[in-house]
Amino acid sequence: MKGFIGKYLLPREIDFNQALLDQAGLGRSMVQELYQACVDEDKNRLAALSTVAMQARKLKARNMGQLLDVFITPYDKESIYRMITQLDWVTLSVKHFVLETELYDIHELAEYEPILKILVSMATALEKGIANLPSKTLSMIAPQIAQVHDLYDEVVETCAKTTARLLAQDDIKHIIRHKDILLQLKEIAKRLHISTNTLEDMAIKIV
């Protein structure tokens, strides 16, 4: 009887802390791998990220399916939904960056190392912040949130300076291709920043 009640009558509980952390960890690993592939200018390593992006989509679908299938959640469902969606956008943005470098046939990727290095720090801080969510202690999560906000400003500033140097050149095709790449790097940063805003919202609601 107890087994029947537990299986069919009691509300299901899902460990959404771990589910969100799984997504954040995969996103961070993709950003980290992107950094290394670009620094080494390793096209094969870069192309392999498309396979990882497929895994990320499956993870997002799993987490979303679980969210729609339960009543009890550690945070309000809307916040979890937004976090799942934005973390998915992080991995999609990495995938789109890889796609653009392939279609534009860009080989000089090591020059983006300073921006990519900041993105790795942003993704790492976001992952740490999500890992600290179960503590329900804002003081443990706030430093990672502040770090991502500061690093996002740094990405925007670095991209602006790089674009200014790019526009001083004469090769129009080169300018267009690399400007699009810079925009995509900013997109990755923006998605990490929005995910962190959602993290901040969740952290404030649970304290």
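Colleague: Which helix is Gln23 found in?
Modeller: Happy to start there. This is a predicted model, where local features need pLDDT of at least 70, side-chain atom pairs count only at pLDDT 80 or more, and totals for chains, interfaces and linings use all residues. Residues are numbered from 1 along each chain as its sequence is written, and side-chain values use heavy atoms, with hydrogens and water left out. Helices are DSSP runs of H or I with at least four residues, numbered from the N terminus, and the one spanning residues 16-39, which holds Gln23, is helix H2.

Colleague: Is Gln23 buried or exposed?
Modeller: The relative accessibility of Gln23 is 5%. Buried means under 20% relative accessible area and exposed over 50%, with partly exposed in between (1.4 Å probe, protein chains only). Gln23 therefore counts as buried.

Colleague: How many disulfides are there by this rule?
Modeller: A disulfide is a pair of cysteine sulfur atoms within 2.5 Å. The sulfur of Cys38 has its closest cysteine sulfur in Cys159, 13 Å away, so that is too far for a bond. Both are tucked away by the same cut-off, Cys38 being buried at 0% and Cys159 buried at 2%. The count of disulfides is zero.

Colleague: Which residues beyond four places in sequence is Gln23 in contact with?
Modeller: Contact means heavy atoms within 4.5 Å. With neighbours within four places in sequence left aside, the partners of Gln23 are Leu59, Lys60, Asn63, Ile84, Leu87 and Asp88.

Technical notes. Helix = DSSP H or I, 4+ residues; strand = E, 2+ residues; numbered from the N terminus.
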